[in-house]
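Okay, thanks for coming, everyone. I've got one model to walk through today, so let me put it on the screen.

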Amino acid sequence: MPYLVAKDLPTTNAGDRFRELLGRPEILQIPGAYNGLAALQAKAAGFGALYLSGAAMSASMGLPDLGIITVDEVCFFIRQIARSSGLPILVDGDTGYGEVLNVMHMVRSFEDAGAAAVHIEDQILPKKCGHLNDKKLASPQDMAAKVAAAAKARRHLYIIARTDAAASEGLEGAVARAKLYLEAGADAIFPEALHDAEMFREFARRVNAPLLANMTEFGKTPFFSANEFQDMGYRMVIWPVSALRVAAKAHEELYEAIVRDGGTQTMLERMQTRKELYRTIAYHEYEALDDSIVRTLTPEGMPDRTNGH
């Protein structure tokens with residue numbers, strides 16, 4: 001329930017609540033939510049944590065995922081998702097938005113906005129989606145310095161170091177980097193763009209830390225379920241852009257239908273009703289906070305065009 005009307009607002013910081021979820025025996029399933037409405041819907045479905053993807057934020061702004069968006073823009077997304085859902089949020093921190101001091105600024109800004117965890121990757125700008133070609137990597141030492149800076153700056157934020165090295169340095173390089181990042185202060189490791197079950201298992205065998213798996217569509221990783229990732233040794237799994245992909249496809253189909261049919265009449269079955277939307281955003285609970293607002297009566301369905309019948 002949204003923050004103004006919730007009776008069970010969190011009393012502990014977001015990072016500790018994220019750690020508590022990781023302490024449970026089952027793998028932590030973290031779906032992507034790119035705005036407050038999606039966050040409320042994910043919470044209603046039963047998820048206990050959310051993921052905020054740089055690719056989803058960028059795309060929702062009409063931009064490519066090339067490290068263009070800023071710390072302040074990301075904080076806008078963090079605030080609305082934390083405020084609407086009250087859930088701990090793992091945030092995509094890209095490359096840390098610069099060097100050591102920039103990483104420290106990012107960590108404090110994300111904490112202040114309500115984030116629970118962040119992952120930082122070992123690419124250099126202009127960065128790319130982890131499942132694309134020709135990514136350029138920072139040196140292991142430079143990335144370790146960023147991880148150490150993040151650990152020094154954080155008050156409660158859970159820090160995950162992401163390595164994109166498997167594509168260019170193989171599993172050996174990715175494992176070596178992961179161990180260095182753990183020594184620098186990372187709480188967990190995110191090996192990006194592994195491309196088969198044996199790679200996932202071998203990485204887990206060789207890296208003694210909580211591990212995050214990325215189950216993105218249309219990338220290098222084949223489909224695995226949450227339970228399969230758990231069996232391979234992973235403690236967290238994200239579906240980073242799935243909600244945005246589904247929503248974007250629905251937008252496309254809606255606009256095509258309006259052009260084709262002259263209206264939305266063929267799309268009503270695909271829509272969330274006004275009543276369902278108001279229930280999701282606790283519309284009436286907000287009204288109840290202000291006695292001067294007359295309770296809204298929600299129309300049922302669509303009116304008949306013929307003589308009001």
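Let's start with a single side chain: is Asp-122 buried or exposed? Asp-122 is buried, at a relative accessible area of 0%; buried here means under 20%, exposed is over 50%, and partly exposed is in between, with a 1.4 Å probe and protein chains only. Before I go on, a quick word on what you're looking at. This is a predicted model, where local features need pLDDT of at least 70 and side-chain atom pairs count only at pLDDT 80 or more, while totals for chains, interfaces and linings use all residues. Residues are numbered from 1 along each chain as its sequence is written, and side-chain values use heavy atoms, leaving out hydrogens and water.

Back to Asp-122, then. You'll find Asp-122 in the loop between S4 and helix H6 (140–153); helices (H or I, at least four residues) and strands (E, at least two) are DSSP runs numbered from the N terminus. Its side chain has a polar contact of 2.8 Å with the side chain of Thr-163, and another of 2.8 Å with that of Tyr-181. A polar contact, by the way, is a pair of N or O atoms within 3.5 Å; within protein, one must be able to donate a hydrogen and the other to accept it, and residues adjacent in sequence count only if both atoms are side-chain atoms.

Arg-177 comes in here too, from helix H7 (residues 166–184). The side chains of Arg-177 and Asp-122 make a polar contact at 3.3 Å. Arg-177 is buried as well, with a relative accessible area of 3%. If you skip neighbours within four places in sequence, Arg-177 is in contact (heavy atoms within 4.5 Å) with residues including Leu-137, Ala-138, Pro-140 and Glu-169.

Next, helix H1, residues 14–22. Which of its residues are buried? That would be Ala-14, Gly-15, Arg-17, Phe-18, Leu-21 and Leu-22. They sit on the same side of H1, because they cover an arc of only 165° around the axis, taking the directions from the helix axis to the C-beta atoms. Among the things covering them are strands S1 (28–31), S3 (89–92), S4 (117–121), S5 (158–163) and S8 (236–239). At the N-terminal end, Asn-13 caps H1, with a side-chain oxygen 3.2 Å from the backbone nitrogen of Gly-15.

The largest pocket holds about 610 Å³. For the record, on a 1 Å grid over the protein atoms alone, a pocket is an open set of points with protein on both sides within 12 Å along at least five of seven lines, a cavity is a set where a 1.4 Å probe fits but cannot get out, and lining residues have an atom within 4 Å of a point. Points are joined across faces, edges and corners, and volume is the space filled by probe spheres set on them. The pocket has 17 lining residues, and Ala-247, Ala-250, His-251, Arg-270 and Gln-272 are the closest to its centre. H10 contributes the most to that lining, six residues.

Tyr-34, Tyr-51 and Pro-240 are among the residues lining the cavity.
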